[in-house]
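Please look over the sequence and the structure before reading on.

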Amino acid sequence: MTPTVHSRSCRFCGTPLTLTFSDLGMSPLSNAFVKPDALDRMERFYPLHAYVCDVCRLVQLEQFASPLEIFDDYAYFSSYSQSWLSHCEAYTSQMIQRFGLVAQHQVVEIASNDGYLLQYFKAAGVPVLGIEPADNVARVAQAAGVNTIVKFFGTETATDLVASGIRADLLLGNNVLAHVPDLNDFILGMKLLLKSDGVITMEFPHLLRMIEANQFDTIYHEHFSYLSFETVERVFAHHGLTMFDVDELPTHGGSIRIYAQHTETGKQVVSPSVLAMRKQEADFGIGKLETYTGFAARVCHAKRALLEFLIKAKREGKSVVGYGAAAKGNTLLNYCGIRSDFLDYVVDNSLYKQGLYLPGTRLPIYPPDKIRETKPDYILILPWNLKSEIMDQMAYVREWGAAFVIPIPSVQVLL
């Protein structure tokens, strides 16, 4: 009997999905940390198989878990990264200066997390509203005095806010566009909530950098889409929003910040950066299918390189631990089959993760001081995008000759 293959279609244009970008096997939800009393219970694993649409070039996962399941009791708190806070404080100053934001304007952030960014607008006297789906995270923002509502964003939430008299002069979202299963509804919601002369900024990891630097570990179930400027520009234009500027950013291994306005009423002049970004992506081959279909082989090579390093280290009697209970780390560890036979444990600064276990691999999560106590030979940095910050914080490990290991784009050992 031939197995039944269900139909997959692009979440933007509806084209059937047949081309594989990267198949990372089966994996649990990347932020579904396991509590100690649940260690003997079953976990749900879902296919982690990314496809590329051969029409619009949107790289995407199928939706297996609902947003409610993913973001219920969410364990990611943005405020635990100092470098990220510095990035957001600088962004706030730039936006206030560039767009003349004052007390008469309204800033709205979608997926505002624990108020990590809006706190800076609030301190500058600009009214803010955060929209955050995770109740436990939103409560932290509310306790800090950052006006936050607990809702998923889309046309329904946007319509309700407009009916209550709220429209956004600056509507922003950092690392949220990739998290949206219904991309069309989300962007139409932004269109509805934005004032006629308002500005949208969205930051997201750049697909070009992901491919270039082999960042396959950024593929996980809460990231439904992987975005190029070309594709996002096409999607926004479909909903009556025009890109007028773009910035390249170092965050998350290479991101871009896009600026958009209403096509029919926007007054911002289109920057030369837009043309430059289009050319950069075209030169890279972002419109060519072979750019996508060749990615999987490089992913396999990186997996083998990491396993070869770990096998050699363990045969030599070396101890290895992980730093950072990051979502990308959970993708990496589960795809590579790395468990307690290779890593003794993982540490993380977040009080919300300490005492829990990583999904799938069931590695225990301790405070960073555990490293000083056990003095491992190697520290595998799982959130490699924060490697400089982490290596500065953990510089003391060199006292006993420990080294840092960076897994992406391929294994590097840094003394």
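Glu109 stands opposite Gly130 in strand E5. The two strands involved are E4 (residues 107-110) and E5 (residues 128-131), which pair in the parallel sense over four bridges. Strands are DSSP runs of E with at least two residues, helices are DSSP runs of H or I with at least four, and both are numbered from the N terminus. Two strands count as paired if DSSP finds at least two bridges between them.

E4 and E5 belong to an open sheet of seven strands, in the order E6-E5-E4-E7-E8-E11-E10, with mixed pairing. Its edge strands are E6 (148-149) and E10, each of which pairs on one side only.

## Basis of the model

The model is predicted: local features need pLDDT of at least 70 and side-chain atom pairs count only at pLDDT 80 or more, while totals for chains, interfaces and linings use all residues. Residues are numbered from 1 along each chain as its sequence is written, and side-chain values use heavy atoms, with hydrogens and water left out.

Helix H2 (residues 82-99) lies across strand E7 (168-174), E8, E10 and E11, and runs at about 30° to E11. Helix H6 lies across E4, E7, E8, E10 and E11, at about 145° to E8. For these angles, axes are lines fitted to C-alpha atoms, for helices over the stretch in contact, and the angle between N-to-C directions runs from 0 to 180 degrees. Contact means heavy atoms within 4.5 Å.

Phe186 lies in helix H6. At 3% relative accessibility, Phe186 counts as buried; the term means under 20% relative accessible area, with exposed over 50% and partly exposed in between (1.4 Å probe, protein chains only). Leaving aside neighbours within four places in sequence, Phe186 is in contact with Ile110, Phe153, Gly154, Val176, Leu177, Val180 and Met202. Phe186 and Glu248 are 62 residues apart along the chain, and their C-alpha atoms are separated by 23 Å.

Helix H8 (residues 229-238) has Phe229, Thr231, Val232, Glu233, Val235 and Phe236 buried. These buried residues pack against helix H6 (183-193), strand E8 (194-205), strand E10 (241-249), strand E11 (255-262) and helix H9 (272-284). Just after H8, Gly240 takes a positive phi of about 80°.

## The six-stranded sheet

A second open sheet has six strands in the order E14-E13-E12-E15-E16-E17, with mixed pairing. Strand E14 (365-366) and strand E17 (412-414) stand at the edges with a single partner strand each, so one side of each has no neighbour in the sheet.

Strand E15 (residues 378-381) pairs with strand E16 (residues 403-406) in the parallel sense over three bridges. Phe404 in E16 is the bridge partner of Ile379.

## Cavity

How many cavities of 30 Å³ or more does the structure hold? There is one. A cavity is defined on a 1 Å grid over the protein atoms alone, as a set of points where a 1.4 Å probe fits but cannot get out; lining residues have an atom within 4 Å of a point. Grid points are joined across faces, edges and corners, and the volume is the space filled by probe spheres set on the points.

The largest cavity has a volume of about 110 Å³. Its lining includes Ala178, Phe204, His206, Met210, Gln215, His223 and Tyr226. The elements that give two or more residues to this lining are E8, helix H7 (207-212) and strand E9 (225-226).

## Backbone exceptions

Most residues other than glycine have a negative phi, and most peptide bonds are trans. Asn214, in the loop between H7 and E9, has a positive phi of about 60° although it is not a glycine. Asn214 is buried, with a relative accessible area of 4%.

Lys375 also is not a glycine, and has a positive phi of about 50°. Lys375 lies in the loop between helix H13 (369-374) and E15, and is partly exposed at a relative accessible area of 45%. The peptide bond from Ile408 to Pro409 is cis, with omega near 5°; Pro409 lies in the loop between E16 and E17.

## Cysteines

The structure holds zero disulfides, a disulfide being a pair of cysteine sulfur atoms within 2.5 Å. For Cys300, the nearest cysteine sulfur is that of Cys336, 9.9 Å away. Cys300 is partly exposed, with a relative accessible area of 33%, whereas Cys88 is buried at 0%.

Technical notes: On a 1 Å grid over the protein atoms alone, a cavity is a set of points where a 1.4 Å probe fits but cannot get out, and a pocket is an open set with protein on both sides within 12 Å along at least five of seven lines; lining residues have an atom within 4 Å of a point.
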